[in-house]
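Have the viewer open and follow along.

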Amino acid sequence: MLEQLEKIEQDALSALEMMDDQEALESWRVAYLGRSSPLMAVFDQLGQLPKDERPAIGRRANQVKQSLELKLDEKTEKLKQVELRRALETERLDITLPGRAVSLGRLHPITKTLRKVYQIFAEMGFQVYLSRDVETDEYNFQLLNFPPHHPAREMQDSFYIEGEFEEDNPLLLRTHTSPGQIRAMREYSAANPQDPPPVRIILPGMCYRHEQVTARAESQFTQVEGLAVGKTITFSDLKGTLSDFNKRMFGENVRSRFRASYFPFTEPSAEVDIECFVCGGEGCPVCKRTGWLEILGCGMVHPIVLQNGGYDPSIYTGFAFGLGPERITMLCYRIEDIRYFWANDIRFLEQF
Ligand code: PHE
């Protein structure tokens, strides 16, 4: 019986050598380890053997079974590797297949408008000055000639920032870009307090107002402030600069209109309209039948504001303006709802 087991093992192992694919291995398994294999027959006969021979034969039969199973596993793994290598060698990459299109990103519509505004004012000699988003009550209101209980403060309900601050001077998110006027003038005048240099800057940035969000008003939006300070600046410089801006922004033939208005930090103040470019001034839904579109607020820098910036108002004058890129973009592209701009819906953004 032991010799028989030796022979079964020898036969099985030399047969295994010849097997060279998974299918052949399976038939080998059936032949040498399956139900009706000679090895299983040995197990079946164990019961009929004399009692004293059983343990030795049984142990040997188990060894043979384990050794065959182990060799089968090894061979299976080896064949897998061979087949994998063969597959890699025969597969070819078809480089003539068309590639997958990459979808390009694009500029946000407000970025496009801002860049056009920068371009126009750069050609007129204005530099970009970046001021901060987090301001103090002092810079956002007080230095701009808003007294503590001035009703104009009601126009701009603010986001206040909690924390430690001086009494009556809480931190807040700027409600307009105008506090940058003071920061810029103070920086310029500090360089030469006796004879401060002229200023010609635009100040773009985000502004924040604690308002009901509607199709017309967002709690976060951009503004571009403008400031020119010098010894001979007059209201006609303001009118010329802004009329010229409107022509470059909206078209050579566009007419501008200056309407008297009020801001605490400018005197006199005005709002600027352009003739409606949708209807040419006839009156339509975009201009609400008035023929005019309101574009920006402006005025001559208030003497108190010049003083607060370090510029002697008996020597210096200046003009300032503030425009809203969202509003301009809405008019140019006929966008009906300001909330689209910062909702980040790709279906809106990919149209520009
Ligand atoms: N800061 C004003 C606003 O937010 C706009 C403005 C800027 C008006 C500069 C006049 C001069 O409405």
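Let's start with Phe352, which is buried at a relative accessible area of 14%; buried here means under 20% relative accessible area, exposed means over 50%, and partly exposed is in between (1.4 Å probe, protein chains only). Phe348 is buried too, with a relative accessible area of 8%.

Before going further, some housekeeping: this is a predicted model, so local features need pLDDT of at least 70 and side-chain atom pairs count only at pLDDT 80 or more, while totals for chains, interfaces and linings use all residues. Residues are numbered from 1 along each chain as its sequence is written, and side-chain values use heavy atoms, with hydrogens and water left out.

## Aromatic pairs

A search of the whole structure turns up 14 aromatic pairs. To count, rings of Phe, Tyr and Trp (its six-membered ring) need centres within 6.5 Å; planes under 30 degrees apart are stacked, over 60 edge-to-face, and the rest tilted. Take Phe121 and Phe321: their ring centres are 5.1 Å apart with planes at 20°, so this pair is stacked. Phe121 sits in helix H5 (residues 109-123) and Phe321 in strand E10, so the pair ties together parts 200 residues apart in sequence. Helices (H or I, at least four residues) and strands (E, at least two) are DSSP runs, numbered from the N terminus. Both Phe121 and Phe321 are buried.

Back to Phe348 and Phe352: their ring centres are 5.0 Å apart and the planes sit at 65°, so that pair is edge-to-face. Ring pairs also link Phe121, Phe126, Phe245, Phe319 and Phe321 into a cluster. For a charge on a ring, look at Arg183: its charged end sits over the ring of Tyr139, 3.6 Å from the centre. The cut-off for that is NZ of Lys or CZ of Arg within 6 Å of the ring centre and within 35 degrees of the ring normal.

## The sheet

How many strands form the open sheet, and in what order? There are 7, running E1-E5-E6-E10-E9-E8-E7, and the pairing is mixed. The edge strands are E1 (127-128) and E7, each pairing on one side only. Two strands pair if DSSP finds at least two bridges between them.

Gln127 has Ile201 as its bridge partner in E5, and Val128 stands opposite Ile202. E5 then runs antiparallel to E6, with 10 bridges joining them; Gly205, for instance, has Gln223 as its partner in E6. Ser256 stands opposite Ile274 in E8.

## What covers the sheet

Is E5 mostly covered or mostly open? Mostly covered: 9 of its 10 residues are buried. Helix H7 (residues 179-191) lies across E1, E5, E6 (220-230), E9 (292-301) and E10 (317-323), at about 145° to E5. Contact means heavy atoms within 4.5 Å; axes are lines fitted to C-alpha atoms, for helices over the stretch in contact, with angles from 0 to 180 degrees between N-to-C directions.

## Out on a helix

Finally, Glu69 lies in helix H4 (residues 54-90) and counts as partly exposed at 32% relative accessibility. Its C-alpha atom is separated by 98 Å from that of Asp195, 126 residues apart along the chain.
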